[in-house]
Amino acid sequence: MHVRELDLRDFRSWPELNLKLEPGVSVFAGRNGHGKTNIVEAVHYSSKLSSHRVSTDAPLIHAGADNARISATTVNDGRALTTHLLLKAHGANQAQINRTRLKSARELLGVLRVVMFSPEDLRLITGEPAERRKFLDDLAALRAPRLGGAKADYDKVLRQRNALLKNSNMVLRRGYQDADGASALSTLDVWDGQLAALGAQVVAGRLALVDELAGRITEAYTSVAPESRPASVAYSSTLDRAVTELAGGPSRDPDVFEAAMLAELGRRRKEEIDRGATLVGPHRDDLTLMLGDQPAKGYASHGETWSYALALHLAEYHLLASEGTDPVLILDDVFAELDAKRRERLVHVASDAEQVLVTAAVGDDLPGNLDDAVAARFAVTMQDGVSSVERSD
């Protein structure tokens, strides 16, 4: 799989960009802040429908513009598909494949598969659980777009339920003593049912993914940091207790998760009404990362943290590649952060990929065995806040 052409309009620092790409290693070199990362961010967005740097789309739109467009032509086993994304600061984004308008941008998931390594990866280890949940959800949606739809629908129901808990707090506290309280509780019951059904799909999808990733993560970490403690991962859920009570132990059955979530929502209803927030569900879960018998967060050294971040993405890459098509590999300003051993491991993976997109600051040397494989070099510059690119090889 490779990206053959990338077109941008009003994306970040690029009012316009038309870029022809080819298989092999392509390097974008330029000073920090000149727009090279914006190029690979656009490719990443076309794959995951989210940025690796910001949580909303508004910062992606060029100053003064109403929207931004990303078009990418992806070639997979000789078949070319062009995806178009219209990004809006407010409202739903619009999407097309070739000239066919899609009902939802989520229908683009799976056309382009990307694995990115970037300095932001440290947040996977040191950041909040939301960072690790996003890692799982993005990968799950890439492999099975229906799971991306279930997660998006879950988030919508969660917002509605939280709004009810917060805005009708006093009414809900009155319970069935009057008509308004009874009506509010009836509405809450409806949201509970929908939340449990969708949440069960999300949890089941995440657990299935963790089952496939766990061994790969342990193996990848050992290869990057053989002198360190062994790495292991596990999924920690707010439903664990209820699942054990219902199934007598761990389960992978979505029906069990749905029943467990309904039971937990019922058990904690008073607490949720008091606090005005939903306390049960996959939005409260975490991917637990361990080094030996200690959590990586708070106990890993800086080198171990980088090794763990690399291991997560190496496992992601190998899982996607095992399904028949090498994903596009993006290395965004990471070589300056890595020591020789970690560079070597990353270059080993890059040497097997069909397409590798690399960003590097001017003057930074690439590892020799990767530098020798470069197929195209691009110089990225900026003037008056507008980026430009020129092929320089």
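1. Basis of the model. This is a predicted model, in which local features need pLDDT of at least 70 and side-chain atom pairs count only at pLDDT 80 or more, while totals for chains, interfaces and linings use all residues. Residues are numbered from 1 along each chain as its sequence is written, and side-chain values use heavy atoms, with hydrogens and water left out.

2. The annotated loop. An unreviewed UniProt entry carries the annotation "binding site" for Gly 30, Arg 31, Asn 32, Gly 33, His 34, Gly 35, Lys 36 and Thr 37; UniProt positions are given in the numbering used here, feature names are shortened, and annotations may be inferred rather than shown by experiment. Gly 30 is in the loop between β3 (24-29) and α1 (36-48), and His 34 belongs to the loop between β3 and α1, where helices (H or I, at least four residues) and strands (E, at least two) are DSSP runs numbered from the N terminus. Gly 30 is buried at 0% relative accessibility and His 34 is buried at 15% (buried means under 20% relative accessible area, exposed over 50%, partly exposed in between, with a 1.4 Å probe and protein chains only). Not counting residues up to four places away in sequence, His 34 touches Ser 13, Val 380, Thr 381, Met 382 and Ser 387, contact being heavy atoms within 4.5 Å.

3. The whole structure holds 32 salt bridges, each defined as a side-chain nitrogen of Lys or Arg within 4 Å of a carboxyl oxygen of Asp or Glu. One of them joins Asp 10 and Arg 9 at 3.3 Å, N to O; Asp 10 is buried at 17% relative accessibility, whereas Arg 9 is partly exposed at 25%. Another links Lys 134 to Asp 138, with the closest N and O atoms 2.7 Å apart, and these two residues lie 4 residues apart in helix α3 (residues 129-143), about one turn of the helix. Here Lys 134 is partly exposed at 31%, while Asp 138 is buried at 17%.

4. A salt bridge across the sequence. Glu 323 and Arg 143 meet through their side chains at 2.5 Å, N to O. Glu 323 lies in the loop between α10 (302-321) and β12 (328-332) and Arg 143 in helix α3, so the pair ties together parts that are 180 residues apart in sequence. Glu 323 is partly exposed at 37% relative accessible area, and Arg 143 is partly exposed at 24%. Elsewhere, salt bridges that share partners join Arg 161, Asp 189, Asp 192, Arg 269 and Glu 272 into one network.

5. The open sheet. Three strands form an open, antiparallel sheet in the order β9-β10-β11, two strands being paired if DSSP finds at least two bridges between them. Because β9 (231-236) and β11 (294-295) stand at the edges with a single partner strand each, one side of each is left without a neighbour in the sheet. Strand β9 is joined to β10 (residues 286-291) by 6 bridges, and Ala 234 stands opposite Thr 288 in β10.

6. A buried arginine. Arg 268 lies in the loop between α8 (254-267) and α9 (269-275) and is buried, with a relative accessible area of 19%. Leaving aside neighbours within four places in sequence, Arg 268 is in contact with Leu 279 and Val 280.
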